[in-house]
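Dear colleague,

Here is the structure for your files. Notes on its cavities and one annotated site follow below.

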Amino acid sequence: MKLSVWTYEGPPHVGAMRVATGMRGLHYVLHAPQGDTYADLLFTMIERRDHRPPVTYTTFQARDLGSDTAELFTTACHAAYERFRPQAMIVGASCTAELIQDDPGGLAAAMDLPVPVIPLELPSYQRKENFGADETFFQLVRHLARPMARTPEVTANLFGPTGLGFRHRDDIDEVTRLLSDLGIGVNVCAPMGATPADLARLGAAHFNVLMYPETAETAARWCERSLGQPFTKTVPIGVGATRAFVAEAARLAGVDARLDESRLRLPWYARSVDSTYLTGKRVFIFGDGTHVAAAARIARDEMGFEVAGLGCYNREYARPVRTLARDHGVEALITDDYLDVEAEIERLQPELILGTQMERHIGKRLGIPCAVISAPVHVQDFPARYSPQMGLEGANVIFDTWVHPLVMGLEEHLLHMFREDFEFHDAAGASHHGRTARAGTGEGGPAPHAPAAHSPRDISGPKMDPVWARAAEDELRKVPFFVRGKARRNTEAFAAARGLSEIGVETLYEAKARYAR
Amino acid sequence: MPPPPATGCRSAPVLKERGQHEVFCGLTGIVWLHRKMQDAFFLVVGSRTCAHLLQSAAGVMIFAEPRFGTAILEEQDLAGLADAQEELDREVARLLARRPDIRQLFLVGSCPSEVIKLDLAKAAQRLSARHAPHVRVLNYSGSGIETTFTQGEDACLAAMVPQLPEKSARELLLVGALPDVVEDQALRLLSDLGIGPVRCLPARRAEDMPLVGPDTVFALTQPFLGDTHAALERRGARHIPAPFPFGEEGTTEWLAALAREFDVPAGRFEQVTAAPRARARRAVAAAAETLAGRSVFFFPDSQLEIPLARFLTRECGMEAIEIGTPYLHKALMGPDLDLIAPGPNLSEGQDVDRQLDRLRAARPDLTVCGLGLANPLEAEGLATKWAIELVFTPVHLYEQVGDLAQLFARPLRRRDLLKLEAAE
């Protein structure tokens, strides 16, 4: 047993739902107790889908336990086929049904439905959501795709976009455009938007574009083996990666690499003088393996940040992420426990967090700016506007998204210049509110050493924190409020490491020198 | 308000269905129960699905140091059962060491823990003994195979009843977790009527838990408390039947039943209730303009559907087409059913696809349903009201009558306001 409050990934059958909901003409019959339908609202609310997910739940109850549940499954399967008339069905069990061992695959096979029925084995107590999506897509491809003649013109399949995927909708457009500029058509995009009949003609493409390894790598490998289709290894997130992707796709297609960069703005924006202040900003990067790898490259090579730490929650990608971390000279954090992530962020004190919805909450708690780069995400990260991560427009979107939470360069400069101004200090409040404005507390984040502020999770005894001398307190107050919390923590850490019991002005400036870059 | 109907719906036929239920399981109750019981922790023993459900239902609340979590069963827990109890002991010890402010710990059963027959009752006894007197450990099941949505609260309160200390005194017990602001209003009204002493189940803190005995009388504030009702009767307490306190009429009838029990003079009742009744009637009038003459269709969700349909039909002039409820407790629901004129289809349980067929045939003006159905139905051109909001928002008693009516009026007003189709 493992105590958990927050999970980065849902159970594997939610991954299967993401595949089924992304597709059309496919129906999923899920052997599951009453209540598992909660997963529908992820799609109807977070992704704002205007249709119910194509999932029928058997909804067994306590009184059904015994021989009855198998019959319930068969009835539900029949009813679902009759009502929805899908081109193909997938059947499987949720975590509870896995325990009662009804064998949905066997039961469905015995029903002799006139469409392909594909059984899913998703071990709920070992694996998670991304595995569920990857395995489901693989089983669909394996059952439905057949070798066939290639299309006369060069085409590729797009692999990996699903329901509830982070920016999948717009990434498809962006990648389609990159390929189209090379003269490469899209044969099938799957799972998103594809029907089972479309999967049957996957074999006609010349190669596959693996957009999201998390949800489609197994299928891409199977197609490479069984259909002779190579697949792209570069995920085109960021300028460098997009250029490398175009070169790779051109090589696979046997055409000249062409990339019209007229709409790309990230390189100039990053070079313009206002971005000088981004130099060496320390970032912490966390999310799924693919987005973390892409973000680390952009952060260092395209934004001029320093990667202070990185990691991922999906163990399937632990190995490449560890290699990547070594390349950046840091230790990778591979965990699905957000408390570990929080502790690491607290220890590293980065100036920017690039992460998931959970890291956004952690950032809020610690007073550190954060931008979202990976699932799991909430409703605001399924925006109405066009906002891909991939390709050239993706790079533009990423520049804006990452810089937005930071204090802009000029703004930071002005804050420094006028920090002691009588109208422009943190206790003054906003001038456009007139005299009614209430000033903030001006502490720049929670006081880290107030005795009552011990986190309830903290079970260590009271710490002997160094005491601040009056003069040092006054000096600390001259530090701009938005970095004061960090200055306080750094100085205290510095003093504690040297066994100092009192912090004077000297200590403050020694610490500043120590942490300066 | 119209006079009560000559015959209500108490003996109307009920369509009982089974099939796919588009509802939450009882675990969801934790999301509001833990806000009410400020020193309690709810530990679900279940799977990743259970943790994922709580996270999806609790939304952003999850990061404010929540007092709930899931002990996720792993493969080795399923292999041998003896081990699972030790694992649980270890996780509980770690949890309680980390959260010394916790005084009550609920081990909440889930579908997986019920199916493998993990004995959480025995675990609760053992852990209670180990962590006494500081922490009391109780257990109940919020599994989907046994409970639907709000029934999780019923199972929780029913588990507490046998543990309440015995006391023989004529006291009134209010049963059901109400938002604090509403509970305070209830206590003020009852005190003005001279009814007392009054206690609440659940109490906000462990040390304020009520006493119970043969002289206790109790009133339910929520309709989904069948098992708690039975558990209290087993302790000798007596229930005061009444319609549930939604709307001006419901609140007045509910208070009147308590006033009769405690022999409150009619003059005093009138004096205490006249002003808030008038306020409530004024507050409902604005929303009733939007709602009057429109039809409403309830999908099953919380068991609040019947009293809410009573409020909408009698106080807002709506017409109910179908009132679906996950479970219909005839005895508890009787007073509300008596006030609903015959006509609406009553259904218990669900076969969601068939119910959707009936909905599409009826094309009601407003559909009350869960979040999994709301957007798809809006896309079909049907106005909807998310049912879950009715459980989280303060909606009981006089001062909330206007808010309650507005919850139903707002989606209809919004449809009238948006002129997007015309712009295309």
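The largest cavity holds about 120 Å³ of space. Closest to its centre, among the 19 residues that line this cavity, are A:Asp36, B:Cys25, B:Leu27, B:Cys50 and B:Cys111. This is a predicted model: local features need pLDDT of at least 70, side-chain atom pairs count only at pLDDT 80 or more, and totals for chains, interfaces and linings use all residues. Residues are numbered from 1 along each chain as its sequence is written, chains are lettered from A and ligands numbered from 1 in the order in which they are written, and side-chain values use heavy atoms, with hydrogens and water left out.

A cavity is a set of points on a 1 Å grid over the protein atoms alone where a 1.4 Å probe fits but cannot get out; lining residues have an atom within 4 Å of a point. Grid points are joined across faces, edges and corners, and a volume is the space filled by probe spheres set on the points. The count is eight cavities of 30 Å³ or more.

α2(B) gives the most to the lining of the largest cavity, three residues (helices are DSSP runs of H or I, at least four residues, and strands of E, at least two, numbered from the N terminus).

A:Asp36 lies in the loop between β2 (26-31) and α2 (40-46) of chain A. UniProt, in an unreviewed entry, places a "binding site" there; its positions follow the numbering used here, feature names are shortened, and annotations may be inferred rather than shown by experiment. A:Asp36 counts as buried because its relative accessibility is 9% (buried is under 20% relative accessible area, 1.4 Å probe, protein chains only).

Regards

Terms used
Buried < 20%, exposed > 50% of the residue type's maximum accessible area, 1.4 Å probe, protein only. 1 Å grid on protein atoms, 1.4 Å probe; cavity = no way out; pocket = protein on both sides within 12 Å on 5 of 7 lines; lining within 4 Å.
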